[in-house]
2 protein chains.
Amino acid sequence: MIKNKMGNQTLTFSRKPVILSAASVVGKKEGEGPLSQWFDTTLEDDTFGEKTWEKSESKMLKTAMTEALRKSGRSKEDIGAMLSGDLLNQLMSSSFMARDMHIPFLGMYGACSTMTESLMLGAVLTDGQYSDNVIIGASSHYCTAERQFRMPLEHGNQRPPCAQWTATAAGAMVLSSSKDKDAKMITDEEGNTKTPSPVCVDCGTIGKVIDAGIKDANQMGAAMAPAAVDTLLNHFSDTGRDIDYYDLILTGDLGYIGKDIAKDLLVDAGLSQKSVDSRYDDCGAMIFIKEQDVHGGGSGCGCSASVFSSYVYKRMQKEELRKVLIISTGALLSTISPFQGESIPGIAHAIALETGQEGH
Amino acid sequence: MIKNKMGNQTLTFSRKPVILSAASVVGKKEGEGPLSQWFDTTLEDDTFGEKTWEKSESKMLKTAMTEALRKSGRSKEDIGAMLSGDLLNQLMSSSFMARDMHIPFLGMYGACSTMTESLMLGAVLTDGQYSDNVIIGASSHYCTAERQFRMPLEHGNQRPPCAQWTATAAGAMVLSSSKDKDAKMITDEEGNTKTPSPVCVDCGTIGKVIDAGIKDANQMGAAMAPAAVDTLLNHFSDTGRDIDYYDLILTGDLGYIGKDIAKDLLVDAGLSQKSVDSRYDDCGAMIFIKEQDVHGGGSGCGCSASVFSSYVYKRMQKEELRKVLIISTGALLSTISPFQGESIPGIAHAIALETGQEGH
């Protein structure tokens, strides 16, 4: 009998590892969007003082990791493993970040699902008592993604209205097997100072690869929505929970079109329209407003990574949100698979977070 | 206090998860090398009937996964997670393999260190009782790697003598939290039939990124050797073991030059030359002979994956080897980092395997 398993795809974290800290770094455009107040660092210049976009992205990720580490009160030597990934060929941002960090490193690739993949395995390592503390993260950059997957920016090509805007963003979190004993006080919406409520990882659902047959690399949301819905329905089936169990269910980067598709699929699967409307949202639809000229909405590993590490985490610390399911969503196409006639496989992993519990 | 940790970088697997089965698929050239008798499947044609090299590689990985699954006596539904990676941009081989397998999927990237990275996290998932069974694997293909990292084959360029030959190979293993109750009989070197001895995962050391400043992408062995040595010395320090504890210590793909560098570094670090000579070897130096015109020797994720899944695993089942430390080695350069003036970061993860124990 397996102790830490709940249904077919869901792992349960009975010791409820704590997310000690979270940090986010975003680009100029993201800092002008509706979530601007939540991010820790907003760049004034997306080069971040580096000579190539790849180095800029890597520096953003390193900044998020370093800041999460600082906030956690832990030193590098306290961290047993660093799990991180990005969209670049051979995880260039993460690999070069890891070179500077000197922390045992495990590279993750799940396209834009990387943040919850890293959280899943980070939670396993801490919950399973393999590491006291782990640090996880993910990043993306509009300029690196455009030139790798689409066209160099200098080409000035026109993007179709359904194309999503890769977020220039990085997020990082420190997970621990034990609560922070001297957490800094925070201020809630009414101006009251209080101890932040520990945000714990409750369980996680590992996704399967789902391919809906979409071949248009400008229709990422449509390619990923079926995978997000599959993982969510399997999560409900494995845990016996329903949509109303959560205050908020957030997909990673389906964008405006993918979010609408996911909502339709969820209602088709029997969920109430009212609950779906009130409890479900998508980071790619939240990080920008349409007037920012982002076409299909936000995407990229950094989109969900920065939204979880800022808006979600900080609101949970204040107990404005108590139970949240985050589902980063990835499109597993490669830089050459579309040229070989392949459709776009999708994947999504779900992580249930909770706060306000005396569970630890 | 952390139960499953042994020193700074080493995780201990106290329940000693079992590698139920292993399978390997190699190309024509690898099948003509000195390890030919150990591989399960040798291709006569490295296209494997596919129209692109990437699809050939993906099919090899899928074949290894399917064969490992068949040998394990488990069905797809019994497998809680599949952990796999390769060298291709966005893990094209693994992602498309995973699409066909319908098993919850976690993509790993550690360049050629992917096999031991996957084994590490697969062991954590089974030892920690998060999954009853997991399947892990890795692949590489000479033709996909050449055109992605160097030149298209059609270009016919000359390779420097130090350049390594990416192995066309895939390996897969099924890990389980419980021993196989009806393992098939095997035949030992004297022709005696016996029950195979269960091969268990004892502990693992997560590597740090080490960059020795090598900038020549044709000097992979030199770039990775310091990382392999760093991980090995940390493994000894964390576990209190020494080189003579193991019957065999195998690095992944340092090749002829990297192997010599690693040996020098180990002797410099105080290990006895005699022990290093007798107990240490490298998969990249074993999979080919120099007369096969492979220049610096074998490399690629599939090199260590196929050698561990065949030669090492089968000899351990027969107890010809009882304690083996496998250290897959990765060069974390990207397709564009050398053009941006970057040196090549190296990484290596170590996994200690043991057999002939009643430890389970």
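This is a predicted model: local features need pLDDT of at least 70, side-chain atom pairs count only at pLDDT 80 or more; totals for chains, interfaces and linings use all residues.
A:Leu91 is buried (under 20% relative accessible area; over 50% would be exposed and anything in between partly exposed, with a 1.4 Å probe and protein chains only), at a relative accessible area of 2%. Residues are numbered from 1 along each chain as its sequence is written, chains are lettered from A and ligands numbered from 1 in the order written, and side-chain values use heavy atoms, leaving out hydrogens and water.

- A:Leu91 sits in the loop between strand E5 (79-86) and helix H3 (92-101) of chain A; helices (H or I, at least four residues) and strands (E, at least two) are DSSP runs numbered from the N terminus.
- The phi angle of A:Leu91 is near 45 degrees, a positive value in a residue other than glycine.
- Over in chain B, B:Phe48 also has a positive phi, near 55 degrees, and is likewise not a glycine.
- B:Phe48 belongs to the loop between strand E4 (41-42) and helix H2 (53-72) of chain B, and it is buried with a relative accessible area of 18%.

**Chain A as a whole**

- Chain A has 10 helices and 18 strands.
- Its radius of gyration (taken over C-alpha atoms) is 19 Å, close to the 21 Å that the globule rule gives for 360 residues, so chain A is as compact as a globular protein of that length. That rule is 2.2 Å times the number of residues to the power 0.38.
- Along the principal axes, the C-alpha trace of chain A spans about 55 × 50 × 45 Å.
- Of the 360 residues in chain A, 66% count as buried.
- Chain A exposes about 11,900 Å², and carbon and sulfur atoms supply 48% of that; the areas come from the Shrake-Rupley method with a 1.4 Å probe, and for residues only the protein chains shown count as cover.
- Take the contacts (heavy atoms within 4.5 Å) in chain A with a separation of 6 or more: residues 24 or more positions apart account for 77% of them.

**Domains and cores**

- Chain A is assigned domain 1 (5-176) and domain 2 (203-354), with bounds from an automatic or database domain assignment.
- The centres of the two domains of chain A, taken over C-alpha atoms, are 17 Å apart.
- Across that divide, 59 residues of domain 1 of chain A are in contact with 62 residues of domain 2 of chain A.
- The largest nonpolar core has 176 residues, and A:Leu125 and B:Leu125 touch the most other members. This core takes at least three residues from each of domain 1 and domain 2 of chain A.
- A nonpolar core here is a set of buried Ala, Val, Leu, Ile, Met, Phe, Trp, Tyr and Cys residues joined through side-chain atoms within 4.5 Å.
- A second, separate core has 27 residues, including A:Ala223 and A:Leu271.
- Not counting residues up to four places away in sequence, B:Leu125 touches residues of both chains, among them A:Leu11, A:Leu121, A:Val124, B:Leu83 and B:Tyr130.

- A:Thr10 lies in strand E2 (residues 10-12) of chain A and counts as buried at 0% relative accessibility.
- The side chain of A:Thr10 makes a polar contact with the side chain of A:Thr205 (2.8 Å). A polar contact is a pair of N or O atoms within 3.5 Å; within protein, one must be able to donate a hydrogen and the other to accept it, and residues adjacent in sequence count only if both atoms are side-chain atoms.
- A:Ile206 is in the loop between strand E12 (199-205) and strand E13 (210-211) of chain A, and at 0% relative accessibility it counts as buried.
- C-alpha to C-alpha, A:Ile206 and A:Thr10 are 6.4 Å apart in space and 196 residues apart in sequence.
- Beyond its neighbours within four places in sequence, A:Ile206 contacts residues including A:Gln9, A:Met120, B:Gly80 and B:Phe105.

- A:Ser328 is part of strand E17 (residues 323-331) of chain A and is buried at 0% relative accessibility.
- Its side chain makes a polar contact with that of A:Ser304 (2.9 Å).
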